[in-house]
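Please read these points with the model open beside you.

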Amino acid sequence: MTRAMHALRRLQAWALDSEGSTRPAALLRVALALVLWARFADELAPYRVRNPEELALGLTFFAGSTLMLLGLWTRIATATTAATLVALFYGFGLHLGRLGWIHHHTYLLMWATILCALTPCGRSLSVDRWRALRRAERDGTPPAPERANLWGMRLCALQLAALYLAAAVDKTDPAFLRGDRLEAILLWTYADLGLTASPALRAAATVGAWLVLIAEYTLAVGLLHPRARRWLIVPGLALHAGFYLLVPVSTFSVTVWCLYIAVLDPAAVDRALARILESTRISP
């Protein structure tokens, strides 16, 4: 019982009571805003839309995501962008049949933005922070520290772990473990290049399937463990680089890369940014 209580206290301290630098949350905000533009900006541009409803969706998207990127009225802007993505996915995608907007990569991007809106993402690297510094200078008071409760970032980290766990569970079936599913994906992707079924392709697909499965189960658990995390971040990023280069995953890989910010040690990120900013300071 004592061990269970101790574990619960540690979980509460990690999930609900932790405080740290807000710079990682700001980096996540900026990164997600850029990914959102890469995925939706062309389709939601005024010259692309097909009706007044899509025009309203596009204008709201561009207003919210631009303010989100700049960090102006950040929490409202990020929440507005998240609400726009919910309308895009469920309203226009599922209800009205825009099938290109209901893929798994858009679902992940939507939820990443929703969770980002729950983080203190405007307290650093933002116009809001610049305004706060100007206000403190004018009033002769010290500026608010770039620190806050990190429970929102913990949710982002849990989303990443849950993503890996769900993907691994989905792949734990005979068709994937035999290499059937991966072989079919490769044959479909590279059909124009003349790729055909062969014993060598089946062997490569089987080995690749097992490696991906092991990697996803390992990442699902290891990224939440401080000691294991340091050895898993680079292989995890490389895994998604491989996905992006070899199969059509759209913005899925880069969205996952963004979520890796949430599992990094906030103090380490803060120190790295401070070192970079100090080294690039221009002398008068």
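**Note on helix packing and pockets**

1. Helix H2 passes helix H4 in a left-handed crossing. A crossing is left-handed if the near helix is turned anticlockwise from the far one by less than a right angle, and right-handed if clockwise. Helices (H or I, at least four residues) are DSSP runs, numbered from the N terminus.

2. This is a predicted model, in which local features need pLDDT of at least 70 and side-chain atom pairs count only at pLDDT 80 or more, while totals for chains, interfaces and linings use all residues. Residues are numbered from 1 along each chain as its sequence is written, and side-chain values use heavy atoms, with hydrogens and water left out.

3. H2 covers residues 23–44 and H4 covers residues 74–95; their axes come within 13 Å and cross at roughly 40°. That makes H2 oblique to H4. Angles under 35 degrees count as roughly parallel, over 145 as roughly antiparallel, 65 to 115 as roughly perpendicular and the rest as oblique. Axes are lines fitted to C-alpha atoms, for helices over the stretch in contact, and angles run from 0 to 180 degrees between N-to-C directions.

4. Which residues meet between H2 and H4? Arg29, Leu36, Phe40 and Leu44 come from H2, and Thr74, Thr78, Thr81, Leu85 and Leu88 from H4 (contact means heavy atoms within 4.5 Å). By class, this contact has 5 nonpolar, 3 polar and 1 charged residues. Ala, Val, Leu, Ile, Met, Phe, Trp, Tyr, Cys and Pro count as nonpolar, Asp, Glu, Lys and Arg as charged, and the others, Gly among them, as polar.

5. Helix H5 (residues 104–116) and helix H7 (residues 151–171) pack at about 160°, with axes 9 Å apart. The two are therefore roughly antiparallel. H5 supplies Leu108, Trp111, Ala112, Leu115 and Cys116 to the contact, and H7 supplies Gly152, Leu155, Cys156, Gln159 and Leu163. These residues divide into 8 nonpolar, 2 polar and no charged.

6. The largest pocket holds about 900 Å³ of space. A pocket is an open set of points on a 1 Å grid where a 1.4 Å probe fits, with protein on both sides within 12 Å along at least five of seven lines; lining residues have an atom within 4 Å of a point. Its lining has 27 residues, with Lys171, Ile185, Phe243, Val247 and Val249 nearest the centre. By class, 19 are nonpolar, 4 polar and 4 charged.

7. The second largest pocket is lined by 16 residues. H1 gives the largest share, 4 residues.

Key:
Points joined across faces, edges and corners; volume = space filled by probe spheres on them.
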